[in-house]
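Please open the model in a viewer and keep the sequence at hand. The stops below are given in the order in which they may be selected.

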Amino acid sequence: MTTLRGLDIWQRLETHRDDIQRTDLRGLFRQDAERFEHFSGRLGDLLIDYSKHLITKETLRLLRELARQRQVEALRDRMLAGDRVNVTENRAVLHVALRNRSGRSMSVDGRDVMPEVAIALEHMRQFSEAIRTGAATGFSGLRMTDVVNIGIGGSDLGPAMVTEALRPYAQEGPRVHFVSNVDGAHLTETLRDLNAATTLFIIASKTFTTEETMINARSAREWFLSASKDSLHGAADTTTHIARHFVAVSTNEREVRQFGIDAANMFVFWDWVGGRYSLWSSIGLPIALAVGFERFVQLLEGAHRMDEHFRTAPIEDNLPVTLGLLGVWYGDFLGADSHAVLPYVQYLERLPAFLQQLDMESNGKRVDREGHRVDYPTGPIVWGAPGTNGQHAFYQLLHQGTRLVPCDFLVGAQPHHAMAEHHESLLANCFAQSAALAFGKTEAEARAELESQGLAADAVARLLPHKVFPGSRPSTTIAYRHLDPTTLGTLLALYEHKVFVMGALWNINSFDQWGVELGKQLARRIRPQLERGAAPVTSHDGSTNGLLNFVNAFRALP
Ligand code: F6P
């Protein structure tokens, strides 16, 4: 058992927590007229306002002492030096090299990886430009109009989220679709209106063994060959058709060849890139196809800016460190189980899902790096939806429920459209929500409001408890000028490093994901028992047997 509770700094934080709980955000803002200036930071066009948190300067001082004691900076430096900090998979963690625009070398096992990164980027550039300009065409000589990325988890969520976020920049590129779910409906609905002659498939899988992706990839190949059969006049045609319409992004050349994709059509990356950190690698190919290679590079440059900040800024000014410390403050000291991501940006609709994998697959661990059980809460449940939609769905619980849910608001000053009324309403709602959460409405205020409506005393008394907003519900607001590729890159790197900092504080390995294995093993056992006409299943627990027999009975029917 690893305990943090025994640390003197932990106990001092617990004592301090008791003091903080005796105050509220109204009081904290009253005490410090410059609270916003004291509790916010900027990097380029990004502003991070963390003044609406249940913290004082003393809270941050103590949390920073914790970070120092837990040697967060040392682990960061080891990660950036290419050490094998992913201890259970014995791998380096160097996604930062993918967006290293400094000209400095970055090494794994003493070998500079930057030349390989440059070659992979050049491969992406040539291919994405050839497709976008029409220099590379489909089998009939027509330009590619549609790209279907087949992948799941990190091979889907990152590129899908970024492609949606940068949609305003995608006017001249092909339409890019993402198929991830093994539910055949996903592929069927995606392919329904597509023309095989003008469709490019990207099979994206780090391992090239992920069951869902391989099933989808095989079905896509069948669809393609069947839809283009009139132009196939022999085995050689099949090979050239596949070569023109199927590319792979993977670290596993053997499996890619086995599938029938030539190594020349394979975009590489490396085992030191974790799946959920891979959008910066060749896994970002659909992004480059959608918005152009130059903008993909701007995305990398934006991330690099945050990487440099994370690498060099002292703990006191380090934005990812600050957000990571706040995450630990709420999860481990104030009892928050979840964290809401609330982008007031429709283009960031997929951000909560992306952050779910980033955070929950990284820090959803209950043993430390040495394999000992931890006695403190680790990664939170991450969830969310765009504002203002969420306001009309789940914000009630945020404002008046019994749970403490720290929130991230994200909002841009300049929209991608010219509809000023829409944007003013969006901004006003965003700022109003974080203020309402923080400062609430006291009983006296609620009473005065009810009385001003001319209600009788008994009606006021009856309604009063329902009209009070407790306030002191914390949030960070991340505001930026404009959601362009550079800003998006900076923002995503901020979250990646925040997750790293939290994992380092908890001494857990944020870079493995053994928790997804058991379900995969069981699925392999269950699968043969779903064959039509299978005998009644008795080999599992009663519930699994019952469910299998229920669906098998229906599957046997016409
Ligand atoms: O869900 C587990 C996982 O291994 C993720 O970590 C990964 O992003 C996803 O599956 C897809 O893996 P691959 O890219 O190898 O198909």
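**Aromatic pairs**

By the rule used here, the count comes to 20 aromatic pairs, a pair being two rings of Phe, Tyr or Trp (its six-membered ring) with centres within 6.5 Å; planes under 30 degrees apart are stacked, over 60 edge-to-face and the rest tilted. Select Phe 139 and Phe 224, which form an edge-to-face pair, 6.0 Å centre to centre with 70° between the planes. This pair links distant parts of the chain, 85 residues apart: Phe 139 lies in the loop between helix H7 (114-133) and strand S5 (146-150), and Phe 224 in helix H10 (residues 211-227). Helices (H or I, at least four residues) and strands (E, at least two) are DSSP runs, numbered from the N terminus.

The model is predicted: local features need pLDDT of at least 70, and side-chain atom pairs count only at pLDDT 80 or more, while totals for chains, interfaces and linings use all residues. Residues are numbered from 1 along each chain as its sequence is written, and side-chain values use heavy atoms, with hydrogens and water left out.

**Domains and their interface**

Next, colour the chain by its domain assignment, which is automatic or from a database: domain 1 (4-69 + 313-439 + 474-512), domain 2 (98-296) and domain 3 (517-555). The contact (heavy atoms within 4.5 Å) takes 26 residues from domain 1 and 20 residues from domain 2. The centres of these two domains, taken over C-alpha atoms, are 34 Å apart.

How much area do domain 1 and domain 2 bury between them? The value is about 2000 Å², with 65% of it on carbon and sulfur atoms; buried area is the accessible area (1.4 Å probe) lost on putting two parts together, summed over both.

Now select Glu 361 and Arg 276, a salt bridge whose closest N and O atoms are 2.8 Å apart. The term requires a side-chain nitrogen of Lys or Arg within 4 Å of a carboxyl oxygen of Asp or Glu. Across the interface of domain 1 and domain 2, two salt bridges are found. On the side of domain 1 that touches domain 2, helix H16 (351-363) and helix H21 (485-506) are the elements that give two or more residues. H21 gives the most, with eight residues.

**Two backbone stops**

Select Gly 387 and Thr 388, joined by a cis peptide bond with omega of about 10°. Thr 388 is in the loop between strand S11 (381-384) and helix H17 (395-400).

Finally, go to Asp 109, in the loop between strand S3 (107-108) and strand S4 (111-112). Although Asp 109 is not a glycine, its phi is positive, about 50°.
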